[in-house]
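The sequence and the model come first.

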Amino acid sequence: MTDRRSPSISSRKQPQQARSADLVATILEAAVQVLAKEGAQRFTTARVAEKAGVSVGSIYQYFPNKAAILFRLQSDEWRQTTALLRSILEDVARPPQQRVRALVHAFIRSECEEAEMRVALNDAAPLYRDAPEAREVRASGTRTVEVFMREALPAASDQTRAIAGELITTTLKQVGKHYSEVPRTPEEIEAYADGLADMFCAYLRSLDTAEPVPRSGGVARGLPAGLQDQLHAGLEALLGVAEGGGAGEFALEGGPQEP
């Protein structure tokens, strides 16, 4: 069997001086602009070099190929989102359900603000998603969720906590992706995030109590009809992905979706 290796996506070297760091920053800024304008299919190192006003050779000093540039953009975004995740979920001064609510609001707001770039990076995901470096970055967010679930559900089994963490993170990712596909006002984002947070908090309470929580036939009963429709649409999109076998990995880093 042929050994199929992923192309190298690690940077060739790290900038040691301010001048070198400025050059890398210029390259990455140009890469963002090229990706936004041309999309993943027409993204090339030559176009990035032209936009940045540098030679292709200068780019190759730091990035071996275009996959390495795209992975750097994605990994920077993952690390920013993971830092946000950790700052919220590790804030032990607040009860767990308050942290869940804060996380939902921050994540949905971020999805809506950066939707265009995330779509472009998702399109580029096949270039780097199977590389070891990509798996390592994604894993850090997963560990944060696992630690939080042990605190939020101390009496639950490991299996229950694992299922709860996966359900919440996968649902949040897929519903957030669906909701951010069209422009939203701050008021709409706030209301939507409130409804989604209500659902997650009710779910966690149901796992953390000996008394079963009554189930209703609707999603987040008591919410305005329009918001219920939006939540239903997001969950239907999630179910459609699951039925098609394309849910993919997720650890709240805003990582790529499986096609």
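At what angle do helix α8 and helix α9 pack, and how far apart are their axes? Helix α8 (residues 158-179) packs with helix α9 (residues 186-207) at about 165°, and their axes lie 12 Å apart. The model is predicted: local features need pLDDT of at least 70, side-chain atom pairs count only at pLDDT 80 or more, and totals for chains, interfaces and linings use all residues. Residues are numbered from 1 along each chain as its sequence is written, and side-chain values use heavy atoms, with hydrogens and water left out.

Helices are DSSP runs (H or I, at least four residues), numbered from the N terminus. Axes are lines fitted to C-alpha atoms over the stretch in contact, with angles from 0 to 180 degrees between N-to-C directions.

The pair α8 and α9 is therefore roughly antiparallel (an angle over 145 degrees). The crossing of α8 and α9 is right-handed (the near helix is turned clockwise from the far one by less than a right angle). Contact means heavy atoms within 4.5 Å. Residues of α8 in this contact include I163, L167 and Y179, and those of α9 include Y192, F200 and L207.

Helix α5 (residues 96-113) also meets α8. In α5, V104, F107, I108, E111 and C112 meet L172, K173, G176, K177 and Y179 of α8.

| Helix pair | Angle | Axis distance |
|---|---|---|
| α8 and α9 | about 165° | 12 Å apart |
| α5 and α8 | roughly 40° | within 9 Å |

Terms used. Helices (H or I, at least four residues) and strands (E, at least two) are DSSP runs, numbered from the N terminus. Angles under 35 degrees count as roughly parallel, over 145 as roughly antiparallel, 65 to 115 as roughly perpendicular and the rest as oblique.
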